[in-house]
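Hi,

Here is the structure I promised to hand over. Have a look at it first, and then read my notes below.

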Amino acid sequence: MNQKDIGNMDLQIKGKNAVITGGSKGIGRSIALHLAEEGVNVAICARGKDALKKTEKELLKKGVKVIALKCDIGNTKQLDTFLDKVKDQFGNIDILVNNVSALSLGDDYRDWETSINVDLLGSVKATRKVIPWMLDAGQGSILFISSGSGLEAGSPPAYAAVKAALISYSKTMAIQLAPKNIRVNTLAPGSVEFPDGLWELTKTQNPPFYNKILNTIPSGRLGKPDEVGKVATFIVSPCASWVTGTCLAVDGGQHKANL
């Protein structure tokens, strides 16, 4: 295979249907845009209406079917309503990307409750809702967006704990669902910077901490959502058909452990 062949790789996902939770900004938005670029119909949800509408317009320009609904993933009723609407309109869900995060970075009980309810249980509930539909279809791909914080110590405790739990849950579900032709994987992004995101704010509000983190990244810079979005699009595609139960760090070398 030469470089030209690689550049023209067909990911074989045109016409598929995907759900991306927390899909209006940052990594979620990038994943949605890259999937749409490949001809995938995409459904996104988020709590903020303005960003949701802006991303919806961007997705529609790709010429695919788009559903963009306001939804609090931590609210089970809202989540069920969102997923049911997607199922009704798309007919099936082939790809589920559990990207949502409350980014609750403190260490009091409220931070723990929010992180568990949104990051962990929100993703678990969406997965449990969609699995029966994928079983009926005989195939599917589920991707969890965890974090490098879930791979090693040093991050805010509640946030790190739920990100580690997502990796564990993903591995368990991958083993259970592999015989059913449903793949389950996880990405663990490192520090990713984008407009109005956590790291852009940190760069202006707390430069010493930003520079401290920057110095831990061998690649010499923070990541971009686009770099995670491209990897996610490949992982959920049939081109990665023998990849399941994997947690892949996308971090410029930020995570340095062997495992």
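Contact, in these notes, means heavy atoms within 4.5 Å. With that in mind, please remember that this is a predicted model.

Let me start with Gln 254, which sits in the segment after strand E7 (247–250). Leaving aside neighbours within four places in sequence, Gln 254 touches Gly 190 and Ser 191, and also Ile 213, Thr 216, Ile 217 and Pro 218. Is Gln 254 buried or exposed? Its relative accessibility is 15%, so Gln 254 counts as buried, the cut-off for buried being under 20%.

Next, the second largest pocket, with a volume of about 290 Å³. Its lining is made up of Ser 24, Lys 25, Gly 26, Arg 29, Ala 51, Lys 54, Thr 55, Glu 58, Phe 194, Pro 195, Asp 196 and Pro 225. Helix H2 (26–37) and helix H3 (49–60) are the elements that give two or more residues to this lining. The largest share, 4 residues, comes from H3. By residue type, the lining of the second largest pocket divides into 5 charged, 4 nonpolar and 3 polar.

Finally, a word on confidence. The mean pLDDT of the protein is 95, and 97% of its residues reach 70 or more. Residues 1–6 are a stretch to treat with care: pLDDT stays under 50 there, and the model has 1 contact beyond four places in sequence for them. Where pLDDT is low, the predicted coordinates should not be read in detail.

Best wishes

Note on methods. Residues are numbered from 1 along each chain as its sequence is written. This is a predicted model: local features need pLDDT of at least 70, side-chain atom pairs count only at pLDDT 80 or more; totals for chains, interfaces and linings use all residues. Side-chain values use heavy atoms; hydrogens and water are left out. On a 1 Å grid over the protein atoms alone, a cavity is a set of points where a 1.4 Å probe fits but cannot get out, and a pocket is an open set with protein on both sides within 12 Å along at least five of seven lines; lining residues have an atom within 4 Å of a point. Grid points are joined across faces, edges and corners, and a volume is the space filled by probe spheres set on the points. Ala, Val, Leu, Ile, Met, Phe, Trp, Tyr, Cys and Pro count as nonpolar, Asp, Glu, Lys and Arg as charged, and the others, Gly among them, as polar. pLDDT is the predictor's confidence in each residue, from 0 to 100. Buried means under 20% relative accessible area, exposed over 50%, partly exposed in between (1.4 Å probe, protein chains only).
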